[in-house]
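Hi,

Here is the structure I said I'd pass on to you. Have a look at it first, and then read on for what turned up.

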Amino acid sequence: MTTLYANPYNIDAAGFYFNDNDEFIEKSANLTDRYGNQVEEFEIDFIDGDDAALFNACAINQANLNKWFDDIETLDDHEKINLYYLLNVVGYNLSQALDKVDEPSITKSSLRDAAEELFDECWLHEVPESIRYYIDYDKFARDCEIGGDLVEFEYNNQTYTCTNAAGV
């Protein structure tokens, strides 16, 4: 469960913690400042949960808070990684990224390991046994990265590589 904090821009009002959109709507509708004025604008802060990096990448605010609870928090782990990649690495906006969340092919590995696996699957069978020891996977990985075919990134203290970066 994600815990968020609604921090009012009005310095004469106290904020509140909440865990879902309905709770936010209910608490914000009833919040007044010390002069009895309705509080309308909040900064939304991530307090606790597993998806802090994704929350920040999504740029969640009061205007799109319902997307967090309705569309993002319900994604499976693989889709969350894809969404983070599309937002934080590729640079899509939230709407575009949600539309393409199934497109990236992401593996939990370093760029070098992903490049080695790609090379082995596609070309190693054509390389004579006596020459295989001379293959420089680091240089192949670098070339794949420079060409935009593979992209390595960090998410939640894990290293991932998008193996179809050029097609996303």
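Let's start with a salt bridge: the side chains of Asp51 and Lys80 meet in one, at 2.7 Å from N to O. Keep in mind as you read that this is a predicted model. The pair ties together distant parts of the chain, since Asp51 sits in the loop between S3 and H2 while Lys80 belongs to helix H4 (residues 77–90), 29 residues apart.

Are these two partners buried or exposed? Asp51 has a relative accessible area of 9%, so it is buried. Lys80 is buried as well, because its relative accessible area is 9%; the cut-off for buried is under 20%.

To find Asp51 on your screen, go to the loop that runs between strand S3 (42–48) and helix H2 (52–57). Leaving out residues up to four places away in sequence, Asp51 touches Phe46, Trp68, Lys80 and Tyr155.

How many salt bridges does a search of the whole structure find? The count is 9. Another of them joins the side chains of Lys67 and Asp71, at 3.5 Å from N to O. These two are 4 residues apart in helix H3 (residues 65–72), so about one helical turn separates them. Lys67 is partly exposed at 30% relative accessible area, and Asp71 is partly exposed at 31%.

Then there is Arg132, whose side chain meets that of Glu129 in a salt bridge (3.4 Å, N to O). Arg132 counts as partly exposed because its relative accessibility is 27%. Salt bridges with shared partners also join Arg112, Glu116 and Asp138 into one network.

Now for a pair of helices. H6 and H7 pack with their axes 8 Å apart, at an angle of about 100 degrees. That angle means H6 is roughly perpendicular to H7, because 65 to 115 degrees counts as roughly perpendicular. Where they meet, the H6 residues include Leu111, Ala115, Leu118 and Phe119, and those in H7 include Tyr137, Phe140, Ala141 and Cys144. Arg112 and Glu116 in H6 and Asp138 in H7 are also among the residues that meet there.

One last thing to look at is the loop between helix H6 (111–122) and helix H7 (137–146), which is where you'll find Ile131. Together with Tyr133 and Tyr134, Ile131 makes a nonpolar surface patch of about 450 Å². Ile131 counts as partly exposed, because its relative accessibility is 43%.

Cheers

Technical notes. Residues numbered from 1 in each chain as written. Predicted model: local features only at pLDDT ≥ 70, side-chain atom pairs only at ≥ 80, totals over all residues. Heavy atoms only, no water. Patch = residues over 30% accessible without salt bridge, like charges linked within 9 Å, V, L, I, M, F, W, Y side chains within 5 Å. Areas by Shrake-Rupley, 256 points an atom, 1.4 Å probe, with all protein chains shown as cover. Salt bridge = Lys/Arg side-chain N within 4 Å of Asp/Glu carboxyl O. Buried < 20%, exposed > 50% of the residue type's maximum accessible area, 1.4 Å probe, protein only. Axes fitted to C-alpha atoms, helices over the stretch in contact; angles between N-to-C directions. Parallel < 35°, antiparallel > 145°, perpendicular 65-115°, else oblique. Contact = heavy atoms within 4.5 Å.
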